[in-house]
Amino acid sequence: MDLKLAGKAVMVTGAGSGIGQTIACAFAREGAVVAVNDIAEDLVGKTVALIEQAGGHAFAALCDIGSLDAVQAMVASLAARDMRPDILVNNAAVLLASAPFLDTRPEDCEREIRVILHGTMNCTRALLPGMVDRHYGKIVNIVSDAARAGQEREVNYSAAKGGVLAFTKSIAREMGRHNINVNAVSPAATNTPLRQGLLRKLADRIGEAAVQEREEKIRRAYPLKRIGEPDDVSNAVLFLCSDAARHVTGQVLGVNGGYTMIG
């Protein structure tokens with residue numbers, strides 16, 4: 001299916017690695033021009049290089065999305081280069097601790113909420129006026145089954161993602177009259193560098209054999225019997241940003257191997 005994304009202008013946050021990088025590269029393969037956002041210059045450069053080496057077109061969009069001033073300056077910089085995104089993928093997130101809530105630090109909680117929830121709202125606030133003016137836009141927010149079903153030892157992260165879920169549905173109601181679709185994609189466990197790093201830390205504590213046993217138990221909890229891959233998520237995002245999904249808004253698409261089945 002031709003998703004008709006060629007020539008579209010897209011911004012992907014947290015695109016320096018993992019799911020965000022996969023999403024950015026997937027859009028570029030479809031012929032879209034991609035603004036690659038992340039807080040780390042080296043990661044942004046890596047993703048831009050991957051896209052350009054494959055023949056695609058990308059702009060570096062370096063900033064901390066937790067700051068509205070920084071986001072607005074970034075969007076102004078893109079506009080100065082004639083880059084005005086009609087598609088926004090709010091993917092950036094941080095998970096600073098996997099621990100019981102009472103053992104987490106309040107400053108880590110604030111950072112997770114600032115990046116995940118405030119960052120999503122900041123980027124949306126900065127790009128929505130242009131979408132409204134052009135009477136066209138697609139926004140996809142990457143959430144988590146940790147928010148939909150709850151997740152022990154990730155309470156702060158789950159709460160921040162839960163805020164993004166509510167924001168998705170509410171802004172979809174406001175923006176539908178402007179021909180702007182707003183949806184969310186909700187992965188469960190996905191084989192990203194972040195997850196691999198957490199597994200390495202866990203192996204240091206409990207040993208590699210115990211980690212492998214734990215991973216097998218996790219796979220058995222999924223009807224499809226596997227952990228998700230980043231391109232499982234990017235495929236869903238591209239669909240929601242295409243005209244094939246023009247009548248879909250305010251929805252949460254679980255890309256989770258059946259781990260949660262929430263109506």
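In this predicted model, the count of cavities of 30 Å³ or more comes to one. The volume of this largest cavity is about 70 Å³, and its lining is made up of 14 residues, among which Ala97, Thr104, Glu154, Val155 and Asn156 lie nearest the centre. Two elements, helix α4 and helix α6 (155-175), each give two or more residues to the lining of the largest cavity.

Helix α4, which comprises residues 106-134, also holds Thr124. The relative accessibility of Thr124 is 1%, and because buried residues are those under 20%, Thr124 counts as buried. The side chain of Thr124 is joined to that of Asn90 by a polar contact of 3.3 Å.

Helix α3 was examined next. This helix runs over residues 68-80, and its 13 residues should span 18 Å at 1.5 Å a residue, a value with which the separation of 18 Å between its end C-alpha atoms agrees. Within α3, the residues Val71, Met74, Val75 and Leu78 are buried. Viewed down the axis of α3, the buried residues fall within an arc of 95 degrees, and they therefore line one face of the helix. Asp69 and Ala80, by contrast, are exposed on the other side of α3. The packing partners of the buried residues of α3 are the strands β1 (9-12), β2 (33-38) and β3 (57-62), together with helix α4, the helix in which Thr124 is placed.

Ser77 is a further residue of helix α3. With a relative accessible area of 35%, Ser77 is partly exposed, because this category covers values between the 20% limit for buried residues and the 50% limit for exposed ones. The C-alpha atom of Ser77 is separated by 8.4 Å from that of Ala61, a residue 16 residues apart from Ser77 along the chain. Beyond the helix, α3 is followed by Asp82, the phi of which is positive, near 60 degrees.

Technical notes. Residues are numbered from 1 along each chain as its sequence is written. This is a predicted model: local features need pLDDT of at least 70, side-chain atom pairs count only at pLDDT 80 or more; totals for chains, interfaces and linings use all residues. Side-chain values use heavy atoms; hydrogens and water are left out. Helices (H or I, at least four residues) and strands (E, at least two) are DSSP runs, numbered from the N terminus. Buried means under 20% relative accessible area, exposed over 50%, partly exposed in between (1.4 Å probe, protein chains only). A polar contact is a pair of N or O atoms within 3.5 Å; within protein, one must be able to donate a hydrogen and the other to accept it, and residues adjacent in sequence count only if both atoms are side-chain atoms. The expected span of a helix is 1.5 Å times one less than its number of residues. The arc is that of the directions from the helix axis to the C-beta atoms. Contact means heavy atoms within 4.5 Å. On a 1 Å grid over the protein atoms alone, a cavity is a set of points where a 1.4 Å probe fits but cannot get out, and a pocket is an open set with protein on both sides within 12 Å along at least five of seven lines; lining residues have an atom within 4 Å of a point. Grid points are joined across faces, edges and corners, and a volume is the space filled by probe spheres set on the points.
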